[in-house]
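Subject: Structure handover

Hello,

Here is the structure I promised to pass on. Please open it before you read my notes below.

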Amino acid sequence: MGHADGCAPSRSRGLDRPRPLTRGTDTSNTALAHAETGYRAAVRAAAEHAARKAAAELLAAEAARTRQRVRALRRHWIPRLRHELAAMELALEGDEHEQAVRRRWAAAHGVR
């Protein structure tokens, strides 16, 4: 038995989507045309909303991963690299001092 609007509800994928009218049905009903237009707009809006929501969730997850990486850089890598840089600068300074001492010794003793 048909419904008052001339459409039978569809059972596919949980959507109450009207099936197309049969050939014998009067399609001149403007209310039915408006309902179909509204339904199509609603489905399109729902699909766009779902796509945008999925994109927002992906961006939020990426932002969380980025915050975690930044935190690791600030807490671990940057201090470690600063320490290593200071150690390298100290070693270079020591090497330069040794070379300066050798040059002065060589100049004082006439060695080339």
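Below is what I found, starting with the whole chain and moving to single residues.

First, a caution: this is a predicted model.

The chain as a whole: the secondary structure comes to one helix and zero strands. The chain has 112 residues, and buried ones make up 4% of them. Its accessible surface is about 10400 Å². Carbon and sulfur atoms account for 58% of that surface.

The helix: α1 covers residues 30–109, which is 80 residues. From first C-alpha to last, α1 reaches 111 Å. That is close to the 118 Å expected at 1.5 Å a residue. Look for the bend of about 45° at leucine 73. Leu32, Ala100 and Ala106 are buried residues in α1.

After α1 comes glycine 110, which has a positive phi, near 70°.

The surface: Leu73 turns up again here, in a nonpolar patch with Trp77, Ile78 and Leu81. Together these four residues have about 380 Å² of accessible area. Tryptophan 77 sits in helix α1. Is tryptophan 77 buried, partly exposed or exposed? Its relative accessibility is 45%. Buried means under 20%, and exposed means over 50%. Tryptophan 77 falls in between, so it counts as partly exposed.

Best wishes

Conventions: Residues numbered from 1 in each chain as written. Predicted model: local features only at pLDDT ≥ 70, side-chain atom pairs only at ≥ 80, totals over all residues. Heavy atoms only, no water. Helix = DSSP H or I, 4+ residues; strand = E, 2+ residues; numbered from the N terminus. Expected span 1.5 Å × (residues − 1). Bend = angle between axes of the 7 residues up to and from the residue. Buried < 20%, exposed > 50% of the residue type's maximum accessible area, 1.4 Å probe, protein only. Patch = residues over 30% accessible without salt bridge, like charges linked within 9 Å, V, L, I, M, F, W, Y side chains within 5 Å. Areas by Shrake-Rupley, 256 points an atom, 1.4 Å probe, with all protein chains shown as cover. Salt bridge = Lys/Arg side-chain N within 4 Å of Asp/Glu carboxyl O.
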